[in-house]
Amino acid sequence: MKLTDLRKKLKQGQLKSIYLVEGPDNYIQKAVKKELIDFIPEDQRVMNVGTYDLENVDLGMVLDDAQSAPFFGDYRLVILNNPVFLTGEKTKLKFNLDGLLSYIKNPEPTTIMLIAAKYEKLDGRKKTVKDLKKIVEVIDANSPKESDTRKIIQQYVDEKRTEIDSDALDELILRTDNDLAQIINELQKLTVYASGTKKIDLNAVQKLVPKSLNQNVFDLINVLMQENLRKSIDDYSVLLLNQEQPLRINAALVSQFRLLLQVKILMERGFSQGKLAQELKAHPYRIKLAMQSVRQFNIQSLENAYMGLVDLEEQLKTTQRDPKELFELFLVKFKNGWK
C-alpha cells in the first residue's frame with residue numbers, strides 16, 4: 001500500500017489494527033506516523049500514544065502497552081521504531097517473538113500498532129517476517145516512483161487549495177531529483193509564494209527552487225558536449241565555490257555519462273523515448289535531453305569520456321593535485337578525440 005492509499009482509507013474510516021511501514025524513505029516514514037498520530041484526538045495523545053525504540057527497549061514492555069485499554073479515548077497508538085529483529089542484524093536484546101506473533105494474530109481491537117521498519121530490506125527468510133507480512137497492512141516506504149511522487153504533490157497542493165502547472169511540476173521533480181522530502185520542503189515555499197494567485201507556475205519553480213547537484217552537472221555536461229571548454233571550467237568552478245565536494249561532482253558526472261552511453265546504445269537498437277525512460281527508470285525530459293545530446297557523438301567517444309572520468313575519480317582519491325586542474329586536464333585530453 002502507498003502513502004496516498006493510507007490517507008484515503010483513514011479518511012474513509014478504514015482502520016487496520018497493525019501497520020508495517022517498510023523502507024528507508026524518511027519522508028514517507030514520518031508521514032505515516034503523522035497520519036496515525038493525527039487519527040488520535042490531540043487532547044488524548046499524551047496518554048494514548050506510545051513510542052518505543054526496539055534497539056533499547058524490551059519487546060515485552062511494548063506488548064504490555066499494546067494490550068492496555070485506551071485512557072479516556074477510543075484508541076491507543078503504539079509505535080515500534082527500529083525493529084531490528086526483522087533484519088539480519090545482530091542485537092544484544094532478546095525479543096519475545098512468539099509473543100509478538102501471538103499478538104499479531106489476535107490484536108487488541110482498540111490499539112493501533114505501527115511497526116516502523118526503516119530498512120532497505122527485511123530478512124524474508126525469518127518466520128517472523130513471513131508471518132507478519134501475511135497478516136498486517138504493509139506500507140511501502142521505499143523511494144517512490146515518479147508517478148507516485150506526482151500523486152503526492154497533487155494531493156499536497158489540493159490540500160493547500162492551490163494549482164500547479166504541468167511544466168512547473170516537471171521542473172520541480174527535475175530540480176529535486178525526485179527527492180520527496182526536499183519536494184515537500186520546496187512546496188511549502190512555493191505555496192506561500194503563490195498565496196495570492198493560488199497557482200504555482202514554471203517561473204516560480206525556477207526562481208525559488210535551487211537545482212540539485214545532478215541537475216547542475218547535467219547542465220555542465222551539455223556545455224561540455226558543445227565543446228565550450230571555457231564555460232565548462234567556469235561552471236565546474238562555480239560548483240566548487242558552492243561547497244560541492246570534487247568527488248561528489250565527479251560521481252554525478254560519471255552517473256550522467258553512464259546515462260548518455262546507455263541512451264546512445266539503446267537508441268541504436270531502436271528504442272523510443274518512452275521505452276528508454278521505462279528501461280532506464282529516468283525522467284522522460286532527462287531522456288529527451290540526453291537523446292538530443294548524444295546524436296552527434298559516437299559510442300566510442302562517450303566511452304572515452306566515461307572512462308576518463310573514472311580515471312579522474314581515482315586521481316582525486318589518490319593524489320593531492322588541485323581538482324580544478326585535474327578537471328581541466330580531463331577536458332584537454334578528450335577535446336581532440338571527442339567526436
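In the predicted model, Y19 stands opposite E137 of strand β5. Strand β1, residues 18-22, is joined to β5 by four bridges, and the two strands run parallel. Strands here are DSSP runs of E with at least two residues, helices are runs of H or I with at least four, and both are numbered from the N terminus; two strands pair if DSSP finds at least two bridges between them.

These strands belong to an open sheet of five strands, ordered β2-β3-β4-β1-β5 with parallel pairing. Its edges are β2 (49-53) and β5 (137-140), each of which pairs on one side only. Neighbouring strands are turned by 20 degrees against each other on average, direction ignored. Helix α2 (residues 26-39) lies across β1, β2, β3 (76-81), β4 (111-117) and β5, at about 170 degrees to β4. Contact means heavy atoms within 4.5 Å; axes are lines fitted to C-alpha atoms, for helices over the stretch in contact, and angles run from 0 to 180 degrees between N-to-C directions.

The largest nonpolar core holds 40 residues, of which V217, L253, F257, V263, I287, F327 and F330 touch the most other members. A nonpolar core is a set of buried Ala, Val, Leu, Ile, Met, Phe, Trp, Tyr and Cys residues joined through side-chain atoms within 4.5 Å, where buried means under 20% relative accessible area (1.4 Å probe, protein chains only). Helix α13 gives the largest share of this core, 10 residues. A second, separate core of 37 residues includes L36, A168, I184 and A204.

Residues are numbered from 1 along each chain as its sequence is written, and side-chain values use heavy atoms, without hydrogens and water. As the model is predicted, local features need pLDDT of at least 70 and side-chain atom pairs count only at pLDDT 80 or more, whereas totals for chains, interfaces and linings use all residues.

Conventions. Buried < 20%, exposed > 50% of the residue type's maximum accessible area, 1.4 Å probe, protein only.
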